[in-house]
Amino acid sequence: PARPEPGAIVRLTLDPRPARADSIRTVTGHMAGEPLHFVRADSGRWRAIGAVPVNADRTVLASVVVTRASGKTEAVRATVVVPPVEPPKAEPLTVDTAFTQLDSLAVARVARENERARELGRRSHTTPRMWTSAFHRPRGAAVTGVFGSGRSFNGRVTSRHLGVDFKGVTGDDVQAANRGVVALVDTFLLAGTVVYVDHGAGVVTGYFHLSKPLVTAGDTVSRGQSIALVGATGRVTGAHLHWSARYGALTVNPLDLVALDRRWYAVPAGSR
């Protein structure tokens with residue numbers, strides 16, 4: 001996007017200069033500390049997605065190295081400008097006080113669980129990209145909570161909502177947003193029963209507050225496959241689905257994945 005907000009997925013396009021006798025063999029790079037996975041698109045250009053950290057301030061640098069058939073390398077850099085964003089107004093919510101008055105053991109548990117989620121994203125960079133179709137929403141229901149909004153729990157804990165909430169009642173269907181491998185099924189203190197799916201090339205989606213998982217770690221799931229049931233586990237005000245996404249260790253807006261046009265990220269037939 002022209003004005004990417006914190007937590008946005010951005011689309012990067014490398015338009016190579018003509019070089020009849022010295023074609024491009026590989027394109028590698030990093031953005032915001034995360035690897036970039038470039039593929040040659042149908043247009044002959046090279047394309048990748050990157051992520052803007054949720055705490056980004058002003059600019060984010062994308063740095064790329066192009067290697068040609070002769071072994072010659074070229075460095076390319078691009079600066080992504082992040083516009084200033086007003087702090088979100090906190091929506092007051094009431095939850096069980098067990099989730100707002102955490103002792104030291106609970107605080108340590110939350111930190112461990114957050115690190116496990118970040119590590120799933122880091123490991124996803126080593127998983128080949130498993131998706132060839134566009135991402136879709138895990139539920140067809142109305143969105144009840146947007147990415148980046150403010151939350152105040154019991155007037156004590158204020159945080160940003162780093163996911164998208166979908167309306168639902170306990171037992172409603174939850175679908176995989178795209179093809180991938182189930183990386184984790186567990187119960188977290190704040191997120192409740194969770195399922196994480198590794199889609200490869202750094203992309204991981206998470207499904208929170210579930211009443212029942214329908215998959216186990218290691219399962220390969222298809223786009224639209226039922227993987228869990230809506231619930232009200234963890235820190236919630238009622239039954240719903242919280243959908244999250246990561247690019248590597250960075251939390252991103254999952255609806256930005258839905259906005260990716262498959263034609264933009266298409267790989268020519270016969271390419272790896």
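A word on the source. This is a predicted model, where local features need pLDDT of at least 70 and side-chain atom pairs count only at pLDDT 80 or more, while totals for chains, interfaces and linings use all residues. Residues are numbered from 1 along each chain as its sequence is written, and side-chain values use heavy atoms, with hydrogens and water left out.

Now the sheet. Four strands make an open sheet in the order β3-β2-β6-β7, and the pairing is antiparallel. Strands here are DSSP runs of E, at least two residues, numbered from the N terminus, and two of them pair if DSSP finds at least two bridges between them. At the edges are β3 (34-37) and β7 (73-81), each pairing on one side only. From one strand to the next, the twist averages 25 degrees, taken between N-to-C axes fitted to C-alpha atoms, on a scale from 0 to 180 degrees. Strand β2, residues 24-31, is joined to β3 by four bridges. Met 31 has Glu 34 in β3 as its bridge partner.

Back to the rings. The whole structure holds four aromatic pairs. In one, Phe 188 and Tyr 196 have ring centres 6.4 Å apart and planes at 45 degrees, so the pair is tilted. The cut-offs: centres within 6.5 Å, with planes under 30 degrees stacked, over 60 edge-to-face and the rest tilted. Phe 188 counts as buried at 6% relative accessibility, and Tyr 196 likewise at 4%; buried means under 20% relative accessible area, with a 1.4 Å probe and protein chains only.

Terms used. Phe/Tyr/Trp six-rings, centres within 6.5 Å; stacked < 30°, edge-to-face > 60°. Buried < 20%, exposed > 50% of the residue type's maximum accessible area, 1.4 Å probe, protein only.
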